Structures are given as C-alpha cells and as structure tokens.
Amino acid sequence: MTWSTFAWAALLALPAALAQDHGSDRLKSPKIAPRMQPDSHNTTHWPTRPLPWGEINFIHTTDTHGWLEGHLNEVNYGADWGDFVSFVKHMRDKADQLKVDLLVVDTGDLVTGNGLSDLTTPEGQVSNKLFRTLDYDLLTIGNNDLYHPDVTDEIVEDIVSYYGSYYLSSNVKVEINGTDVPIGEKYRYITTDHGLRIMAFGLTVQDFKAPDNVHVYGYEDIIKEDWFKNATSQPVDLYLLIGHADIGQSCKIKTKYQGDQNPLMCMKDWFRQNKPEIPLQVLGGHSHTRNFICYDSGSSGLESGRYSDTVGWVALSGVAPSNTWNGSKTMTDVPMPTNTCKPHNPTSSSSPQKTVHLDRRYLDFNRQTFAYHAIGATGPDVPADFDTPFGKKVTKEIQATRHDLNLTTELGCAPRSYYIASSPYNCPDNIYTLVRSALNTTVNRDNTSRLIIFNTYGIRYDLYQGPFTVGDAETVSSYADVFLYLADVPYEDAKTLECKLNGKKSSTCDYEEPKEDCKSNSLELSASPYAGYSQQNVLSHHARDLNVNLNPGHVTKDDFGDCSASSVDCGDDTLHIPRVEKYAHPYYLQVKGDIDEGKTKTVDVVFTEDMQKNVLDLLKRKKEEVKNYMDKSFTTRDFLKVYAKSVWNEKPTCEIGP
C-alpha cells in the first residue's frame, strides 16, 4: 500500500480543534470510570515494607512531561494524576497524625512528551491546569518549559501565578522591554508547622538552547546579589535546593550552549563550603533517572525518575534543634531513618558538619503502591476509601480531556513491545526497526525512489505491546517536524549521508547487523534477578515476591544500596526484573525506499528541518531547492499513527505485554 500526500488525513480523521468547555457538566459523563483511567491496568506487585518517616519528609516528582493519565500499557505505572492527588492528601493527613512535617516538591519539565501537554496550542494549555490540581509546597522550572515563549507564558500564567511564592526560580529571568524579570520567586523562607526553619532556592540547568530573551544565570552571579546575601543571613535549620539539573554531575561541566556549569551542583558546593554546619537537601531532575547521592554527613541529593513513573521519598531526622522543634522526635508506629551519609569528597572545613539520619525510597506510580503507603491496603483491590472526592474529580477530568483531544482513539494493536535501548539496534524488538518500516510505508509518494533520514532522538519513549492509541503515538514520537526533501540527488552521494551526519554528532552508522544475538538481549533474564539475596533478606524485604515472576521495571543502584545485589538498603519500593537500558543507537538512521542498488541513479532525499543545514552542506545544495515532501500537516507525530491504522488494525483481541 502507498500513501498520497493527503491519504493519512482521511484515514485518521482526527479532530482539528480542542473543545473549550472543561467544566462540571463534563464530570457527569457515564462513560468515565471512578478510578484511574479505564484503559489502564492494575499492577500485580506492590510494596510490603512501610516508608521510613523522619522529622521532615519530602514527596518529590520531576520531569512529568504531561504524563498525567498514567502509563496505560505498563502495569507498574498505571495510576493517573487523580490517584496521586488522593495519595498526597492521605500522606499529609498521616504526617499530621505522626506530628512531623511533609513537603511536596516538583522540579520541572511539565511539557513535551505526551499528548495531554503537546496537542494544544500552546503546549500545556490544558495539562498545566490538570497538573496544578496537586497541592505542591515548592516548584521550579525545567528547560522544556523554556524553549518556546508561548509555552513559557502559559507556564507563568497557569503555574507560576497559581502557586505564587511557592514557585522558585533563583537563576532564570525573562527579558521584557529590556529588563530581566524573574520567573517566580528567588527564594522562600519556610517555618514548618512543627518549627523547622527551611530556606529554599530553585535552580535550572544551563545546558540547553534557550530563546534570546531567556537568561539562565550561573551561581557566581547569584551569590553576589543582595537578595541572596539577605536570604543566607537568616536563621536556618535546613537549606533546600530544588532544581532541574542532574544531582550526579560536578559543578563545572562542558555545555553545548550557555555557561560552563551545573548551577544546582555549584550552589550545593557553595553551601557546603560556606555553611557546612547547616544540613542541606538537594532535589534534582532533568536526567530522567532514579538516583540518590551522599555528598557528606549533612547533605544528600535525590532524583525521582521521569514521565510520572516514580514518586521520590526522603525522610530526615536529627535536623531540627530541640529548642525550636515541637513535633515528634521518636515514633513507634512507623520506622525512622537510621542511615547516615559518608562524604564522597571529604573537605578540610574547620566548621563541624552536622550528621543527619536519613533514608530514601522510589515508589512506583500505581494505585496499589499509593494505597499501601497511604492507608495500609494490601492486595490487588484498592479500598474505596483511598479515593478522595477531589482525586476522583481529577481522574474524570483527565479522561474527558483525553477524549476531547482524541487521545483515546485506538489505531491498532501493537503485536509486541519495542525498545529504544533495552534491545540491540536492528533487532526485531528494537524500536528503530519499527521506525524504519513505518517511515518506508507512510513517507512515500507513489513508490518513487527515496532515501529518508530520521533523527533517532525524535523517539522519546518505548512502545508497549497492546492497544495502540493516538495518545501512545504522541508519547513515542512527540515532535511535530515536517518532512522536507531535495529532488534528483545522485544516489552515490545520498547513500553516504547517514554516516556523514552521524560523524558530525560523534555517532556511528556501523549498525548494519546486531552486535549481539537478538535473543540474548537484556530482557532474556533468569527466573530470579536477586541471586545475591539470602532467602531471609528477600523475605524481610518483599516477602510476597519470593519465587514469583516479577514485573520488568526499574532496578536501582544508588549510594545507599544496589537493588540487583544483596543489599538490605535497596531503594526501589517494589522489586522488579531489571530492564536494562544499555544498547546504543546512531544519532541518525536512514531508510531506503524503492531503491534498486544496481539501477537507481537519483533519489529524493527526505529529511526534517532540524538537519536541513547539515544535509545542504554535505550535498552542496541550496536552501531554495528544499520543498515539502508531504503535506505540511503530516509530521513526525503522524507516521506511526498511519502505520498502526493500516498494519495493526486486524487483530480481534488485544492484550498488553509483560
């Protein structure tokens, strides 16, 4: 089957506009499920050990990227934002009962990567309002929230204005009429309900291509400011740095764009050098990982995954001075943190560093996990009293919005799961094998000879077995790039483009054959990935998971423990079979369409705008020769939709994978 320029539009018949009314009438629809999304799935594994609670505790999210409906074909992360709203309400109540403090924090990137955030103009127009249904205590901004002025304006209007002084951005300003204006507050001084004095700052990574009017400052500029000097002169029990930046980097780093540092880590270093006697907690993001790092006996950092797959938890004790703290110092009903951090790089500071007792945990984003920790529920059925009225309302609103955006429309049934980095390049279950087939099928004008160049980093997420919807297509390929082309390029010149383009990115095109047997990839695992555990340790850690088939998922190693080895301090809240993301892929791939190696003399070279300059330079062609290959309305967001509709639509039943 071939595709004309307009065939895809008739095939999909996607609505062009978003309904404007998201009011109370929508919530009365009888089609809406009372809990999570109706096309989501419950997990089969959940935690069996309680969370440690300290004097001050943190719930942390980061890099949600619009994933507010949950991971519909992944059982580990099937909860939606309404379920999370209910969870946070219960945890706040629990903190009050225990007479300790709890702060809920987010560290940025609200858009790019999900149809809920990306299918409106500007991005985030609807998802921002859903996101802010959570009662956050502190937030900061991410790089994806700053790429486009209209998106940033939406963040300011819907998020910054809504949270007010709780939204922190110490090093980001936007130029308006020649004057730099801060996004949010520069800092916040908090005295908690139980008397803990916290000074919080928000810092964002510099290493991204920001618009000309967005300025992201380094720590050297900040520490010179009068406001900073005033903030650091206040009496403080704990410094809190929340930031959209990697907690594992050093201060000075090489960047492609602005600055030469990770401002969050530089600021951490400044505080440990200048205020070493005061404990410090860092909550980071941006690198899409689960991680916990000990900096010294009084400071540590936590990072909490990506795409609403993880809720991070940190509990600290021994922070507050006894003369100001009026909460519980000891608790009998829940465990308290007993770990202490050893310094990575011991300093010669003359001031003593306070030793803090602490622990961390990475919670899977599902209802069973939330209900277990919130109300003590054990088992597959979540009791009705877990769902709060407002949480259920948020769930319904998410479903209504997904319907309006056409995200729930099923296009076909994905016959297997396809992975970005969990399977070797060129294997059947590597996603770029699927991408090549889909591009060849859909980016096609009457079977003319063509060579399609595609940026592999336009694929943002794995594609999972099961019902494949418009929403799934948006999460896998979320950038809307049009297909351009140069006509009648000598094939001898065109076929070298892949290697030359990859060379410019320090990548390679040497992936013609899998470097490993496709059946011997990281998903072919032994029955138990926990060979290092003694039976006693496994029983004490997760009794119900012994000798059963665990779900594939995150298996984390951090400074307190390794979840794939015999570590009693494993940070993952639920054990999993490790799905290791270790296989490399080129920066660019190419697809040969209707090319006869022995006969084809010229081809259409098809590419997207992000690589236009390099393609023109390598082929020694002019910009005036570039034309649209497909209609401008057909973008990199659409080729998987058309492919699924045509190739995956004949299966009578559709089950999700493991």
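A pocket is an open set of grid points with protein on both sides within 12 Å along at least five of seven lines, whereas a cavity is a set of points where a 1.4 Å probe fits but cannot get out. In this predicted model, the second largest pocket holds about 540 Å³ of space. The structure also has two cavities of 30 Å³ or more, and a search of the whole structure gives 38 aromatic pairs. The points below cover the pocket, the cavities, the aromatic contacts and the backbone.

**Second largest pocket**

- The second largest pocket, with about 540 Å³ of space, is lined by 26 residues, and those closest to its centre are G553, H554, V555, R579 and E581.
- By class, the lining of the second largest pocket comprises nine nonpolar, ten polar and seven charged residues.
- Domain 1 (56-403) and domain 2 (409-518 + 583-648) each contribute at least three residues to the lining of this pocket.

**Largest cavity**

- The volume of the largest cavity is about 180 Å³, and of its 19 lining residues, W67, L72, N73, D472 and T475 are the closest to the centre.
- Two elements, β17 (466-469) and α12 (470-476), each supply at least two residues of the lining of the largest cavity.
- Helix α12 gives the most to that lining, with four residues.
- The lining of the largest cavity is made up of seven nonpolar, seven polar and five charged residues.
- At least three residues of the lining of the largest cavity come from each of domain 1 (56-403) and domain 2 (409-518 + 583-648).

**Second largest cavity**

- The second largest cavity has a volume of about 60 Å³.
- Its lining has 13 residues, and L280, G298, S299, V356 and L358 lie nearest the centre.
- Strands β10 (280-283) and β12 (299-304) are the elements that give two or more residues to the lining of the second largest cavity.
- Seven nonpolar residues, five polar residues and one charged residue form the lining of the second largest cavity.

**Aromatic pairs and cluster**

- Among the 38 aromatic pairs found in the whole structure, F292 and F560 form a tilted one, at 4.7 Å centre to centre and with 40 degrees between the planes.
- F292 is in strand β11 (residues 290-296) and F560 is in the loop between β20 (557-558) and β21 (561-562), so this pair ties together parts that are 268 residues apart in sequence.
- F292 has a relative accessible area of 0% and is therefore buried; F560, with a relative accessible area of 11%, is also buried.
- In the pair of F483 and F634, the ring centres are 5.8 Å apart and the planes are at 35 degrees, so the pair is tilted.
- F483 belongs to strand β18 (residues 483-490) and F634 to the loop between β25 (627-628) and α17 (639-647), so the pair ties together parts that are 151 residues apart in sequence.
- F483 counts as buried because its relative accessibility is 2%, and F634 is buried with a relative accessible area of 1%.
- One aromatic cluster is formed by W81, F84, F87, F131, Y136, Y162, Y163, F365 and F370.

**Charges over rings**

- K173 lies over the face of Y217, at 5.7 Å from the ring centre.
- R445 lies over the face of Y629, at 4.7 Å from the ring centre.

**Backbone**

- Most residues other than glycine have a negative phi, and most peptide bonds are trans.
- The peptide bond from T121 to P122 is cis, with omega near 0 degrees, and P122 is in the loop between α3 (115-118) and α4 (127-131).
- K99, a residue other than glycine, has a positive phi near 60 degrees; K99 sits in the loop between α2 (81-98) and β2 (101-106).
- T112 likewise is a residue other than glycine with a positive phi, near 75 degrees, and is placed in the loop between β2 and α3.
- The relative accessible area of T112 is 7%, so T112 is buried.

Methods: Residues are numbered from 1 along each chain as its sequence is written. This is a predicted model: local features need pLDDT of at least 70, side-chain atom pairs count only at pLDDT 80 or more; totals for chains, interfaces and linings use all residues. Side-chain values use heavy atoms; hydrogens and water are left out. On a 1 Å grid over the protein atoms alone, a cavity is a set of points where a 1.4 Å probe fits but cannot get out, and a pocket is an open set with protein on both sides within 12 Å along at least five of seven lines; lining residues have an atom within 4 Å of a point. Grid points are joined across faces, edges and corners, and a volume is the space filled by probe spheres set on the points. Ala, Val, Leu, Ile, Met, Phe, Trp, Tyr, Cys and Pro count as nonpolar, Asp, Glu, Lys and Arg as charged, and the others, Gly among them, as polar. Domain bounds come from an automatic or database domain assignment. Rings of Phe, Tyr and Trp (its six-membered ring) pair if their centres lie within 6.5 Å; planes under 30 degrees apart count as stacked, over 60 as edge-to-face and the rest as tilted. Buried means under 20% relative accessible area, exposed over 50%, partly exposed in between (1.4 Å probe, protein chains only). A charge sits over a ring if NZ of Lys or CZ of Arg is within 6 Å of the ring centre and within 35 degrees of the ring normal.
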